[in-house]
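Colleague: I have the model open and a few things to ask. Can we go through them one at a time?

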Amino acid sequence: MKLLYLVPLFLAGFFVVHALKMMRFYLVLLEQKISLKEFAFLYVKTTFLNLLIPFKLGEAYRAFCVVRFTKCVQTGILSVVLDRFFDTFILLLFLIPYDLLVRHRITFITGFLLLFLVVVMLVYRMFEPTYRYLNGYMIRNSRSRRGIIILSALEMLREWYDYTKDLIEGRQYLIVFCSALGWIAEFGLLWLISAGYGTGFGLVEFGNYIQSVFSFEKSAVFIIYNRLSMYLLFALILIFLCIRGLGRRKQ
């Protein structure tokens, strides 16, 4: 009876978690004007693959899907990198204090995520002044074929930099907000699963869960949540495919 009571709560929590995560990614791609129905299908199928393949390697498929949809390599790669960046930022706000207070050391996974965040921030902050200096220097001092190649490469990198600014301009705080709410909702959902199985779930268990996402050692709650999520996402994929099939028949 208790499990029957928890099922609708779990389904509602699952919807909220993924609605927030989908909204975060949608905000990154907002200027692409992708229809919400098409974007929802893209999110569902790429999230399913991300759960199927360990270590978030499914993000490569997500980038591929965005490239195929938008016909722009820059959009595909940068949208996924930025989505991971903002998600990692929120994660580290929890992981660093957790590692220091509970584990009394920075773990490899936390260190790796921190390195990713720092590298992306440094590249973004350092690019513009570095570009201006190198571009001016090459124009003044180089007339060779190599100089032309370097200038062309700088211009290509400038395009990627400008594209990154356009992707997040004015939306970065909304993206961070959605990411934070998504993780809070996911904590509540994991607590609900643990309650259904009669086990406790707190900050320590949540830290172990996050570590499980990026390691071979999987916590019990991770395994249960991962399986339930895959079943539900697969069902959603089938629903989307059925709706598409019915739409084509009517045409």
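Colleague: Where does Lys71 sit?
Modeller: Lys71 is in the loop between α3 (59-70) and α4. Helices here are DSSP runs of H or I with at least four residues, strands are E runs of at least two, and both are numbered from the N terminus. This is a predicted model, where local features need pLDDT of at least 70, side-chain atom pairs count only at pLDDT 80 or more, and totals for chains, interfaces and linings use all residues. Residues are numbered from 1 along each chain as its sequence is written, and side-chain values use heavy atoms, with hydrogens and water left out.

Colleague: Is Lys71 buried or exposed?
Modeller: Lys71 counts as exposed because its relative accessibility is 70%. Exposed means over 50% relative accessible area, buried under 20%, and partly exposed in between, with a 1.4 Å probe and protein chains only.

Colleague: What about the phi of Lys71?
Modeller: Positive, about 60 degrees, although Lys71 is not a glycine. Most residues other than glycine have a negative phi. His104 also has a positive phi of about 60 degrees and is not a glycine. His104 lies in the loop between α4 and α5, and at 63% relative accessibility it counts as exposed.

Colleague: Another histidine, then. Which helix has His18, and what does His18 touch?
Modeller: His18 is in helix α1 (residues 2-28). Not counting residues up to four places away in sequence, His18 touches Tyr43, Thr47 and Tyr225; contact means heavy atoms within 4.5 Å. His18 is buried, at 10% relative accessible area.

Colleague: Change of topic. How many residues are in the largest nonpolar core?
Modeller: The largest nonpolar core has 60 residues, and those with the most contacts inside it are Phe206, Tyr209, Ile210 and Tyr225. Helix α4 (residues 73-103) gives the largest share of this core, eleven residues. Such a core is a set of buried Ala, Val, Leu, Ile, Met, Phe, Trp, Tyr and Cys residues joined through side-chain atoms within 4.5 Å.

Colleague: And what is Ile210 in contact with?
Modeller: Leaving aside its neighbours within four places in sequence, Ile210 is in contact with Leu91, Phe94, Leu95 and Trp183.

Colleague: How many aromatic pairs are there?
Modeller: A search of the whole structure finds 20. Phe94 and Tyr98 have ring centres 5.5 Å apart and planes at 20 degrees, so that pair is stacked. Rings of Phe, Tyr and Trp (its six-membered ring) pair if their centres lie within 6.5 Å; under 30 degrees between planes is stacked, over 60 edge-to-face, and the rest tilted.

Colleague: Where are Phe94 and Tyr98 in the fold?
Modeller: Both are in helix α4, four residues apart, about one turn of the helix. Phe94 and Tyr98 are both buried. They belong to one aromatic cluster that also includes Trp183, Phe187 and Phe206.

Colleague: Last one. What lines the largest pocket?
Modeller: There are 23 lining residues, and the closest to the centre are Leu82, Val120, Tyr124, Thr164 and Ile168. The largest share of the lining, seven residues, comes from α5. By class, the lining has 18 nonpolar, two polar and three charged residues.

Methods:
1 Å grid on protein atoms, 1.4 Å probe; cavity = no way out; pocket = protein on both sides within 12 Å on 5 of 7 lines; lining within 4 Å. Nonpolar A, V, L, I, M, F, W, Y, C, P; charged D, E, K, R; others polar.
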